[in-house]
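Reader: Could you walk me through how to read this model?
Author: Gladly; let us look at it together.
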Amino acid sequence: MAIIRIEKLRKEFKEVVAVNDLTLDFEDSKITCLLGPSGCGKTTLLRMIAGLEKMTSGNIYFNDIKINDLPPRKRNVGMVFQYPVVYRGIDVYHNIELPLLKEGLSSKERKKRIYDVAEMVGIENSLKKNINQLDNATKQFVAVAREIARQPEILLFDEPITNVDANSKLQFKHAFKELTKQLKQTIIYVTHDQTEAMSFADKIALMNDGKIIQYDSPRKLYNEPETTFGGWFLGNPGMNFITQPCQKEDGQFKIKSDQFARTVILKKRRNIKGKVKIGIRPEYIKVSNEKLPYGIKSEIKRKSITIGGQYLLTIQRGDIIVKAKIPHKKGLGLSKNIWVEFPLDRITVFDNGNRIKEKLQYRE
Amino acid sequence: MKKNFSKPLYYTLLWVTSLLFFLPVFWIFLSAFKTKEQVVQIPPDWVFMPTFQNILNMLKDAHFLQYLSNSFFISLTAVTIAILVSFLASYSFSRFKPKGTDFIMFVLLSIRMVPGAATILPMYLMYAFFGLKNTYVGMIFMYTMFSIPFSVWILKGFIDGISTKFDETALVNGGSHFHIMFKVVLPQIKPGIIAAFIFNIIFVWNEFLFNFIVGGNKVTTIPVALATGVVSSQGIEWTYVASLSLVYTLPLIIAIYFCQKYLLVGMTFGTVRGEV
């Protein structure tokens, strides 16, 4: 319903730069997640879009209309906060109705909207309940319903699941995913939880230190991180990084390392100063009791089971330690000394923290 | 074994202490239904035939209704205005945090620490100068002024306890600051409003000094009437004192009985969030 464009947006709190000259387009009717560690500026950015925070410089456009000086009430946005904002002393129905009273709608229209949205959110049986009787997750759903009922063009969510207990969190995630499929609004969802971002988002804007590190689809962000930060931040655990010397020989860059069974190269010419970082996600590392064609002998230092039932292995390869994630069944039969291989097509090479698009190859 | 013995002893002690404190009140209430002779009888009669003559005599007194209506009118008006002003002030202090808020809050409370006797003379001179002596406006103005500091303290504590996210949600939902104050924040600090109201009503309802010095016949409230009507040609009118005390205390007792849960929350300045 609205394209949000931010242009060189900056926010300073005294000496701290919370948002650092950001330029970004949020796509119409899509869900964009602002993902990043605490204090990276994602909430400040969201608050500036809502009009709750004044920008230091830059511009915000809704559908090409500059809204820098527009007060929050005229921006036609809905916002759900971390803390479930519900009004005590009144029932769920009246909580949802409260902002609708200002919209000049007839009571019939208000009732229709409230019942429609309650059904959509799944709280139709709680409409007559006093708000104090509800758990945090349901309260948050009431807050979501209230914002949706207003039918704003833009919906902003500021870590809405953070204050919900673990059991309800999962339930909330499922329900929220279903809900967002039905909504037509442009949605911006702030979170520091990568699983939330991965499951809800059409696109993720990964943030750090007030800057957008990468803005891509969840799959691309995970598989092709543009920076080492992206590789480290996404995944549980994040990418393994191994720093290796890189030498130029015959127009090729050669990485000679005891981490590979053979010498690996970057064929295309490129300026690399001395060292590169090799990144590989734990689940892409091949392990076996049997000899692997491109594997090297390694030792399992630690073996633990993750929540998903997979084995998380801490493996020592020479003087380097890497983490590998393997299926439970495979992990059961592993001995202490194993063969480990880094498949080259799964490796991302970083030069000076930035991804090199070219893939590694074994030297012929 | 020790536990079984100590618990009843503990409760007995509590009951005895409570009864000791309640005894004068109980005596004055009983005296309202006694004859003049029964009132001064020693040892007092605990079982007697009650009479309503004292109450009827008091109701027949033309001044009594004026005193009672004065007490109601002055206290309710002053406290209502004080609560409204205090709510606006405490909202501003809590949300906009103007420079020097902490100092202003300290000054506000310190006003209540000054004994009334120390301020009565300048107040008298000011009231005489402005012609506010023996006027309803003067009395209401004074009690409003004295009720505001404590109310601001209570209400600010409560408003501080309401997350600013409520304000922000309302702002995004199209509300103005006026809407936020009265439709969003005010309903949520209802316990604080009630607590502040009751505390101030108790203060104004019982206030004697200012009404006695800067008041007059027109604005006399019950505490002053009690003090000035005590002595007659026949000595102290104990039945009058008792019946007037009964009528004077009952509204407060009823109000406190129904609002005691709010008072408890109010005494903590909203820092303990009771679900009331």
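Author: Let us start with burial: a residue is buried if 20 or more other C-beta atoms lie within 10 Å of its own, exposed if 12 or fewer, and partly exposed in between, with C-beta atoms placed from the backbone. In chain B, 32% of the 276 residues count as buried. This is a predicted model, where local features need pLDDT of at least 70, side-chain atom pairs count only at pLDDT 80 or more, and totals for chains, interfaces and linings use all residues. Residues are numbered from 1 along each chain as its sequence is written, while chains are lettered from A and ligands numbered from 1 in the order in which they are written.

Reader: How many helices and strands does chain B have?
Author: Helices (H or I, at least four residues) and strands (E, at least two) are DSSP runs, numbered from the N terminus. Chain B has 13 helices and two strands, and its C-alpha atoms fill a box of roughly 70 × 70 × 35 Å along the principal axes.

Reader: How many residues does each chain bring to the contact between chain A and chain B?
Author: Two residues are in contact if their C-beta atoms, placed from the backbone, lie within 7 Å. Here chain A gives 17 residues and chain B gives 13. On the chain B side, helix H8 (164–172) and helix H9 (177–188) each supply two or more residues, and H8(B) has the largest share, six residues.

Reader: And which domains does chain A have?
Author: Domain bounds come from an automatic or database domain assignment. For chain A it gives domain 1 (4–232) and domain 2 (237–362), with C-alpha centres 38 Å apart.
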